[in-house]
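Me: I am new to this structure and would like to go through it by question and answer. Please show it before we start.

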There are 2 protein chains.
Amino acid sequence: MSLDDKIRATIDGYFEGFAKQDIDLLMGLFSDDPSVEDPVGTPPHKGRDAVKAFYSGSLTMDVELTPDGPYRIIGHEAMFPFWGLVTFEGTRMKFEVIDHMTFDDNGKIKTMRAYFGPSNMSPAEA
Amino acid sequence: MSLDDKIRATIDGYFEGFAKQDIDLLMGLFSDDPSVEDPVGTPPHKGRDAVKAFYSGSLTMDVELTPDGPYRIIGHEAMFPFWGLVTFEGTRMKFEVIDHMTFDDNGKIKTMRAYFGPSNMSPAEA
């Protein structure tokens with residue numbers, strides 16, 4: 001499988017992991033020493049234990065992610081747009097995100113940075 | 001105007017500059033010492049003269065850019081998805097891109113990196 005195909009499969013798996021709320025599936029997508037910064041500007045979660053704790057927390061927020069356009073894949077990097085629904089302090093919120101990931105030669109995630117800001121968050125429509 | 005609003009206006013101007021094929025409008029969006037890497041993985045164009053030469057070349061290729069989703073703006077960074085049509089060696093091509101930009105305090109572009117790869121390019125439909 002080409003690196004491009006491996007990366008594509010990893011991103012597909014990322015959405016599948018959220019859809020199934022499967023933390024083991026998600027963690028199987030990450031390299032040995034990952035870093036996750038979500039959103040950009042917050043302190044990164046470094047190492048598998050910290051990353052697992054972060055995603056385990058996310059899965060308690062009833063997250064639904066929907067891809068919103070083709071994955072852009074170049075070399076060991078990818079960008080992909082999506083929108084998400086999440087329950088935060090009792091309110092259902094919509095947020096529009098672009099994730100940037102870098103990958104190792106096996107297509108496992110080395111780094112993830114999630115781009116969204118105040119203008120990308122709104123109360124979800126009923 | 002907030003930095004968020006300045007960044008939004010700059011990205012709007014970027015699309016407007018291409019629509020009007022106006023190199024001066026485009027160059028007015030960049031800081032004093034910009035860097036442009038398009039696509040990611042190619043040698044960056046560094047400095048205003050190199051950046052101007054790059055965009056002047058692009059404008060000869062009958063480029064049409066269409067935004068394809070909200071701008072994600074966080075701090076001094078933004079990501080935005082779009083698709084473009086360009087005539088390359090006589091063939092009309094479609095390419096799907098996410099640009100990553102960083103900005104100075106005035107919302108002028110310091111760096112741009114364009115993310116697209118082989119899987120994001122295809123002959124344009126007639």
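Reply: Contact here means heavy atoms within 4.5 Å. The model is predicted.

Me: Which residues is B:F116 in contact with, leaving aside its neighbours within four places in sequence?
Reply: B:F116 sits in the loop between β7 (109-115) and β8 (121-123) of chain B. Its contacts come from both chains. Leaving aside neighbours within four places in sequence, they are A:R72, A:I73, A:I74, B:D38, B:P39, B:E96, B:V97 and B:M121.

Me: Is B:F116 buried or exposed?
Reply: A residue counts as buried when its relative accessible area is under 20%. The value for B:F116 is 11%, so B:F116 is buried.

Me: How far apart in space are B:F116 and B:G47, C-alpha to C-alpha?
Reply: In sequence, 69 residues separate B:F116 and B:G47. In space, their C-alpha atoms are apart by 23 Å.

Me: What span should helix α3 of chain B have, at 1.5 Å a residue?
Reply: Helix α3 of chain B covers residues 48-59, which makes twelve residues. The expected span is 1.5 Å times one less than the number of residues.

Me: Where do the buried residues of α3(B) fall, seen down its axis?
Reply: The buried residues of α3(B) are B:V51, B:F54, B:Y55, B:S58 and B:L59. Seen down the axis they lie within an arc of 135°, so they line one face of the helix. On the other side, B:D49 and B:A53 are exposed. What covers the buried residues includes α1 (3-19), α2 (23-27), β1 (30-37), β2 (45-46) and β7 of chain B.

Me: What area do chain B and chain A bury between them?
Reply: The size of an interface is often given as the accessible area lost when the parts come together. Here the contact takes 24 residues from chain B and 24 residues from chain A. Of the buried area, 58% is on carbon and sulfur atoms, and the total is about 2,000 Å².

Me: Which three residues supply more than any other three of the area that chain B buries against chain A?
Reply: Three residues together supply 32% of that area. They are B:R72, B:I74 and B:Y115.

Me: Which residue forms a salt bridge with A:E77?
Reply: The rule finds two salt bridges across the interface of chain B and chain A. In one of them, the closest N and O atoms are 3.5 Å apart, and the partner of A:E77 is B:R113.

Me: Which element gives the most to the side of chain B that touches chain A?
Reply: There are 17 residue pairs in polar contact between chain B and chain A. On the chain B side, α1, β4 (72-74), β5, β6 (91-103) and β7 each supply at least two residues. With five residues, the element that gives the most is β5(B).

Me: Is A:E77 buried or exposed?
Reply: A:E77 lies in strand β5 (residues 77-88) of chain A. Its relative accessible area is 14%, and the limit is under 20%. A:E77 is therefore buried.

Me: Which residue does the side chain of B:E77 join in a polar contact of 2.8 Å?
Reply: B:E77 is found in strand β5 (residues 77-88) of chain B and counts as buried, at 15% relative accessibility. Its contacts include A:V40, A:R113 and A:Y115 of chain A. The polar contact of 2.8 Å is between side chains, and the partner is B:H100.

Key: Residues are numbered from 1 along each chain as its sequence is written. Chains are lettered from A and ligands numbered from 1 in the order in which they are written. This is a predicted model: local features need pLDDT of at least 70, side-chain atom pairs count only at pLDDT 80 or more; totals for chains, interfaces and linings use all residues. Side-chain values use heavy atoms; hydrogens and water are left out. Helices (H or I, at least four residues) and strands (E, at least two) are DSSP runs, numbered from the N terminus. Buried means under 20% relative accessible area, exposed over 50%, partly exposed in between (1.4 Å probe, protein chains only). A polar contact is a pair of N or O atoms within 3.5 Å; within protein, one must be able to donate a hydrogen and the other to accept it, and residues adjacent in sequence count only if both atoms are side-chain atoms. The arc is that of the directions from the helix axis to the C-beta atoms. Buried area is the accessible area (1.4 Å probe) that two parts lose on being put together, summed over both. A salt bridge is a side-chain nitrogen of Lys or Arg within 4 Å of a carboxyl oxygen of Asp or Glu.
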